[in-house]
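Hello,

Here is the structure I promised to pass on to you.

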Amino acid sequence: MTEDELEQAFYRRIENEEKIEPKDWMPEGYRQNLIRQISQHAHSEVIGMQPEGNWITRAPSLRRKAILLAKVQDEGGHGLYLYSTAETLGISRAEMIEALQSCKAKYASIFNYPAQTWADVGAIGWLVDGAAIVNQVSLQRTSYGPYSRSMIRICKEESFHQRQGYELMLTLCRGTEEQKAMAQDALNRFYWPALMMFGPHDSESAHSAKSMQWKIKRESNDDLRQKFIDQTVPQIEFLGLEHPDKDIRWNEERGHYDHGEIDWDEFYRVISGNGPCNRQRIQHHIRVHEEGAWVRDAMSAYQQKKRQRAQAA
Amino acid sequence: MAEQNTRQDTLEYAQRLGDDAVVLGHRLSEWCSNAPFLEEDLALANTALDFIGRARMYYGYAAELADDGRDEDDFAYLRDQRDYRNLLLHELPRGDFAFTQARQYFIDVYNQLFLEELRQSADERLAAIAAKAVKESRYHLRRSRDWMLRLGDGTEESHRRTQTAVDNLWGYTHELFELDPLEQRLVDAGVAVDVAALRDPWREQVGTLLDEATLRQPADDWAVRGGREGYHTENLGHLLTEMQALHRAYPGCSW
């Protein structure tokens, strides 16, 4: 088949909602777009271990410590799973890590905000994982088979994390005044950055149009964000907290909540490297990676020796 | 009266074992997002989780025996270092990856032997905890043993780091095999493990592995002890300060 025929066949399959698999022909743009998106997703899981990991040693009860350890471990597992998914497209984990460390690849900007208080652990589980799930449920229908399947699996664990985060917030809200204030403060700080996780408005989004055409992406940034805004209002009410958006109002006609505008200056500021923790996150990743080099070297040296001994025997 | 004394001794014993577990769990959890590669972040977090789970079981049992309204968190968060009775080996800072794995290996071999015995305890609750924990420790041992081989017999640097770790840890291993009067009473009652009897099998297993990993077994020319009497290194105070800070800052709260 000629290149044109292959491309036509590819688009027919996309049209028919068939999944594209690793060995199938695909346009180079499609492959690169997927590598960008999946590796960014993997990096987000891994960098996200830092703000939450920040509280493991200080968790206020043994039960919460165990839950948090298991959660952070799950996030690392998602990272592994997604790196493997990206590897099916012909890129290695080492290349992806190199792109992360040289800031060529991005990760979710939300993790450039600090987890300052214990309530932030709850807010991250509830709002950040909550926003991620809205996006990922939609991605379960993505056109690339391995990515779609990893989303199905990851969503199950993420919704568990979201419930745990919400339960942590609920416990604080039913506790002392100080605990409730801590919960309100975390909500105030994480609500807007969580909305920003869905990306810029559709009209401003660099990769959106092509991604929608390829069915990598199934719903627009603004539609997904609206879903999240709608589902979060009753959750905030149930906690008995104040909504951080003073313009939030039910719109009967639209069947959705109207809301205030996001501070897009802040969004672009943090994305372009000026958030509170951008440098810290990447430097931490680089430092740990460098500190671990001798361990990885030892592993391959030992493997090598073992092989040689087996051959000699 | 004798029964009452055994109950008090058992409470103290469960608390000691809980202290060992929570302190080591803390050290292991410090590796989360600090490990040499992602798989190891997961593995160390998972091991930490096993030890935190163990601490909860031991403290939970101690709380039941105390029957004075305290729960597992009161044991973990509201005692100061002089009241902590963990063996010192557990509290040493995580060090580099070789130090963490060498300590883990020593403790895993020990735990496998220890828990196998504790399963036979006349105290059904301790026996049940041991039955669950020994399965975890067998798995931990497979991993730490593999790491000792890879690091000991890997590169020159990894060999040097691992030998240094073994040398610096060795003096803390002696107290693992020492009984104080309380534990001796519990051994006589069939409740506690006679740890003195574990010394030879531990030495044999560890010696064989060190050989295979091209590492040298250190001389027995120094020993530090005192954990079971609450006589600690300076490291434990910092560990507890960090672990207990939030819990103590808001007294009486539910989390």
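This is a predicted model: local features need pLDDT of at least 70, side-chain atom pairs count only at pLDDT 80 or more; totals for chains, interfaces and linings use all residues.

Let me start with where the two chains meet. On each side there are 46 residues involved: 46 of chain A touch 46 of chain B. Together the chains bury about 4000 Å², and 69% of that lies on carbon and sulfur atoms. Within chain A, the residues that lose the most area to chain B are A:Thr57, A:Leu62 and A:Trp294, which together account for 20% of what that side buries.

There are polar links across the interface too. Chain A and chain B share three salt bridges; in a salt bridge with an N to O distance of 2.4 Å, the side chain of B:Glu39 meets that of A:Arg93. The two chains also have 15 residue pairs in polar contact, counting those with both residues at pLDDT 80 or more.

Which elements of chain A give two or more residues to the side that touches chain B? They are α3, α4, α7, α8, α12 and α13. The largest share, 14 residues, comes from α4(A). By class, this side of chain A has 23 nonpolar, twelve polar and eleven charged residues.

Now to the helix pair, in chain B. Helix α1 (residues 2-29) packs against helix α9 (residues 235-249) at about 80°, with axes 11 Å apart, so α1(B) is roughly perpendicular to α9(B). From α1(B), the contact uses B:Val22, B:Val23, B:His26 and B:Arg27. From α9(B) come B:Asn235, B:Leu236, B:Leu239, B:Glu242 and B:Met243. Of these contact residues, five are nonpolar, two polar and two charged.

Best wishes

Methods
Residues are numbered from 1 along each chain as its sequence is written. Chains are lettered from A and ligands numbered from 1 in the order in which they are written. Side-chain values use heavy atoms; hydrogens and water are left out. Axes are lines fitted to C-alpha atoms, for helices over the stretch in contact, and angles run from 0 to 180 degrees between N-to-C directions. Helices (H or I, at least four residues) and strands (E, at least two) are DSSP runs, numbered from the N terminus. Angles under 35 degrees count as roughly parallel, over 145 as roughly antiparallel, 65 to 115 as roughly perpendicular and the rest as oblique. Contact means heavy atoms within 4.5 Å. Ala, Val, Leu, Ile, Met, Phe, Trp, Tyr, Cys and Pro count as nonpolar, Asp, Glu, Lys and Arg as charged, and the others, Gly among them, as polar. Buried area is the accessible area (1.4 Å probe) that two parts lose on being put together, summed over both. A salt bridge is a side-chain nitrogen of Lys or Arg within 4 Å of a carboxyl oxygen of Asp or Glu. A polar contact is a pair of N or O atoms within 3.5 Å; within protein, one must be able to donate a hydrogen and the other to accept it, and residues adjacent in sequence count only if both atoms are side-chain atoms.
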